[in-house]
Every structure is written in C-alpha cells, then in structure tokens.
Amino acid sequence: MDVFLHQVHSTYLPLWFAPKEASPFLDYGLTQSLSEASGVPEPSLRLLLTILAGYPISILYRLVFLNKTSSIIGESARNTFFLITGLLLSYYFNSFDMVHPLTTCVGTWFICRLVSLVAPKNRTAASTVSFLFNFGYLLTSYKYAATEDYDICYTMQQCVQCLRMIGYGMDFMDGQPTSKKTANGSSQQQEKTQKDVPVVKPTPVVASAAAASPASTPTPPARDATPISFGRDIALAKLPSLSETIAYAFFPFGFLVGPQFSFSLYKKFLTMELFNVPVPATAGRDEVREAAAIKTANGIPQGSLRYATRCFFLGIFYLGFGQVLVGYFPTVALLGKAYLERPFLERVFIFWWTGKTVLNKYLGIWTIAEGPCVLSGITFNGYDVQGKPEWDGLRNVNPLNYEFATSLTLIVTSFNMNTNYWAKLYIFKRLRFLGNKNLSALGVLLFLAIWHGTHLGYFFCFGLEFMDMETERRMSARFGRPINAFIARQTGVVQAALKFLWGTVTWMLTTSALYFAAVPFDLLQIDKSLTALSAINYLGIYVMLALLGSDIVLSIIMPKKRSPKSVKTE
C-alpha cells in the first residue's frame, strides 16, 4: 500500500496536474515575438490577448443575438454560443490543460446530480462534497503546478472557477425544496441575507448614497443597491443542464480573471429577463421615462457601447502606466544591496510606490475584462433615479473610490468587489456558528489566503490586512469620529482646510497600510518578504502595533462611559 501511495504521489499526480506542453495546433509565435519586443513575459501577453479576444466575440454576439430579429433566437442558442466560445478561449490560453477546469465543472454537476437522485431531500451533502472537491482540486493543482514565482497557467482559471463552482453547489443547496412553513422562513432569511451583501459595514459615504437612492422613496427601486453578481434570488430550486453549467463556468468574458457572478444572473441574461426593468418614476414625466427606455438596435438599453469603450481605454491606461512603474519600482529591487544603501526616507518612498505598482496591474486587467461583459449586456443594472441605464453591474473595481479612499473599508468596497461579495455571502455568513464576527472575518481571510496559493507571502499579506482593519476600526472609533464631528462644526474656509488636511492624513495612512501589505503578496516567499520589510525597519508593523497599543492604554486610562440602564419602576 505504501508503495502504491508513493507511486501515486511521485508519478500519477504530477503526470496529471503538472502543466503540459502546448498543443501543436496552437501557435504562440505572435505572443513570443511581442514578448521579445516589449520585454513583457509571454504568458502575460497571452493572458491579455485572451481577454482582449472577448471584445470581438461580444460584438459578434450583439450582431447575431441582439438585433431586431433576435426574438426568434432562444436561450439554448445563446447558451451554445457562450459554451463554444468559452471553451475555445480556454483552449487557446490553457491548451491541453483546459481539462482541469472542465473536470471540476463537470464533476461538480455530477455531484449535484447524483445527490439529487440519491438523497433529493438533503442537498447539503452536494454542497459539502462540491466544496471539498473544488477546493481540494485547486490545492492539488497548486502543489504540482506552482513555482516560486507568480504563475500564469491553468491554475489561474482554476482559481476563478473554484469559487464559481463552490457557489454553484451552495446555491443548489439553498434551493432545497422544503415544507411550506420552513420555506417561508428560509425565504425570509435569504432575503435578509441578501439585503446586506456588501462585504463590510456601511460607511458614512455608503449610508449617504443609500439615503439618496430610489430605495428611500416610496417607489420601488429599479436599480439594485449592490452589484448584480449575487442578487436576491440566487438559490437553484432545479439543477441546471450540463451544457448551461459548462457555459456558465467557461463564460468567455469572465472565466479567466472574473468577475464572479451567480448562475441565476447568467440564466436571466440568457432569457433576456435581465432587461425587463421599469424606468423609475423618479425619472420625471412619462415622456422622459419613455425616452430613457428606448432600446438600441441591439434590443438592449442604450449606453453600453460608451461604457465599454471607457473600460477599454481606462484599462489600457492602467496597464501602460503600470508597465512604466514596473521599470522604476520592481519588487525584486527591494531585495538588492543598492536599495539598502539609500537613505531611510527614500527607501520608504520607493516601498510605497512599489506596493502601488503591484496592485496597479489588477486595476488594469479587471477594467479591460469588464468591457466585453458590458458589450454582451450581462452587466445591465437597471436605471438610476434620472432614468439613465446603468452598466456597472459587474464591475470589479471602482478606480475613483480606490485611488482616493480614506479608509481600508472603502478599499474593500472598491477593489476586487465581486470576489469580496462572494466571500461574504458564501464564507462569512456560513461561519455564523462561530458566534463572533472577528472570527468569521479571520476565517474569510484565511480561506482567501489559501485560495490564492500556498505561498506564505499570501498568508502574511492577509494577516496584515486583518490586523490593519482591526486597527482602523479602533482608531476610527477613538479619534476619527470626534475629529469628523469637530470639523463638521466648523464653517467656511476653516472647515474646508481641516477637511482637506484630515482627508490627506487618512488617505496617506490607508494607502501606506495597503501598499505595505501588497509587497509580500507579490514577493510570495516569506524570506524575501522579510528581507524587503527589514529594509524599512518593519515600519508598517511597528506603526500598527503602536496604534493598537495606544488604544489599549487609552481604554484603560479613559474607559468609555456606558449609558445608565433604565430602572424599572413599579
């Protein structure tokens, strides 16, 4: 038995999971030539070309399936289009290694199908086995395919699909038919769960936006308060067909770098139900609402082409700017002797810009990837209060909020947004049994660290994030609220000056904490991360510990006054 297990570990598993040679039918000569000319690694260029291929595919979809005669084309034909194009793009990027995401996708469907036949009243087993299957397959892929560097291979799609299929299994579990009494309770609980899908607690900015939204008027809102990736009706009462499941997993505009979204949204998109949203009464007169609701020649609301063009050029700008930054602030430079010889403040300045450079590429690639999703129409998010169509339903990053965020809370709500929504819905809320939000949050970060890979740099990064968020929460309660209240009492120029000064301070603290943690995320190895951090004397860690320590000391010296409990009188 030991000999057999050793043979499996040393021969069969590496043979299956190790990246394979490219198919002879694929010619990567173009990307190789571009790589040599630009200095960008060939896998990175292949990744970019695969995402850019979504633009002509989405335009073809609009021309064929979204036109005046498209009503005669059913959802089956639309699904087949995404099934074929998604598999072709995956084959171009992964070659023979596309067998891995295909295996987990088909395997998850068969798990759900088998459980629905064997134990139709207990779908929890399907969700549990699907979770273990997808997560275990991903970790095994990391073990045999990962290197000491950032890998751009089939594990990239496997990483995205792991979350998608875990969510698919949990949605199937949540759609479990129950008795009428239980169903009503579950429905109420699901609605309660979905109402607070955002990842973090509401901030004053979010609260003010919610107050100004259509939800604060008697008229029901036409636009969801959150991105539409995971709506209020994501439970799967019936198991989708295998072809729909594969097309959903290999959706050509989101299988490689996201965004994450539910099967329920994909189904609404196929049936065109997604676009059956009324223009809100807040838009004004009937003529105004009718004008806003006029469809384009493609049979969908107006504005998607303009929004997708913005995504494309903004993404290209971020990638181009990032390529320039990499030339000046590569992470590997933090490990060199020349970096140590620079003055301390200069090292801190370089470290800050290096962390920004690390995250910059994600903004670019996610923004470009959003464009084809918009062109296809799946990102339609209803109408705003003025009756204008909104196309930001699946955006993964809000560049403006991200660049000028004055708290880590705002960073979380504007960076990798759909993955954060997924994590809260499928992990954080499922950890309620722990009875502690901090433990649940720690569980989410631990899951995300393992999901990214087995390199210790990921665990270091997410550990820092947890501590930074806790520090921010304490500092905001002790200092932030009183300072904001003091500024609010001022008027005129004094108020504007204090507001700008305080905003600058909080922005600098926020970005410094973020970029400090981003460097280990990119270096991956713990020894390299510690070498880089030691070059600035572990500044970020010491500042964080000092702030936490000061809050503890102040809580002892000046404990918070508790409001007296009301005394019951007879």
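Modeller: Lys356 and Glu403 make a salt bridge through their side chains, with an N to O distance of 2.9 Å. Lys356 belongs to helix α16 and Glu403 to helix α17 (residues 399-403), so this pair ties together parts that are 47 residues apart in sequence. A salt bridge here requires a side-chain nitrogen of Lys or Arg within 4 Å of a carboxyl oxygen of Asp or Glu. Helices are DSSP runs of H or I with at least four residues, strands are runs of E with at least two, and both are numbered from the N terminus. The model is a predicted one, in which local features need pLDDT of at least 70 and side-chain atom pairs count only at pLDDT 80 or more, while totals for chains, interfaces and linings use all residues. Residues are numbered from 1 along each chain as its sequence is written, and side-chain values use heavy atoms, leaving out hydrogens and water.

Lys356 is buried, at 9% relative accessibility, and Glu403 is buried as well, at 19%. The classes are buried for under 20% relative accessible area, exposed for over 50%, and partly exposed in between, with a 1.4 Å probe and protein chains only. In general, side chains of opposite charge can pair when their charged atoms come close.

By the stated rule, the count comes to 13 salt bridges. One of them joins the side chains of Glu42 and Arg46, at 3.0 Å from N to O. Both residues lie in helix α3 (residues 42-52), 4 residues apart, or about one turn of the helix. Glu42 counts as buried at 11% relative accessibility, and Arg46 is buried with a relative accessible area of 11%.

A further pair is Arg478 with Asp551, whose closest N and O atoms are 2.7 Å apart. Arg478 and Asp551 are both buried. Through shared partners, salt bridges join Glu470, Arg473, Arg474, Arg478 and Asp551 into one network.

Helix α21 itself spans residues 456-489. Its 34 residues reach 47 Å from the first C-alpha to the last, close to the expected 50 Å, where the expected span is 1.5 Å times one less than the number of residues. A kink of about 50° is centred on Ser476 in α21; the bend at a residue is the angle between axes fitted to the seven residues ending there and the seven starting there.

Helices α16 (344-376) and α24 (539-557) each also supply at least two residues of a nonpolar surface patch. The members are Phe344, Leu345, Leu539, Val543 and Leu547, with about 400 Å² of accessible area together. Such patches take residues with over 30% relative accessible area and no salt bridge, joining like charges within 9 Å and nonpolar side chains (Val, Leu, Ile, Met, Phe, Trp, Tyr) within 5 Å. Accessible areas follow the Shrake-Rupley method with a 1.4 Å probe, and for residues only the protein chains shown count as cover. Helix α24 gives the most to the patch, with 3 residues. Phe344, in helix α16, is partly exposed, with a relative accessible area of 31%.
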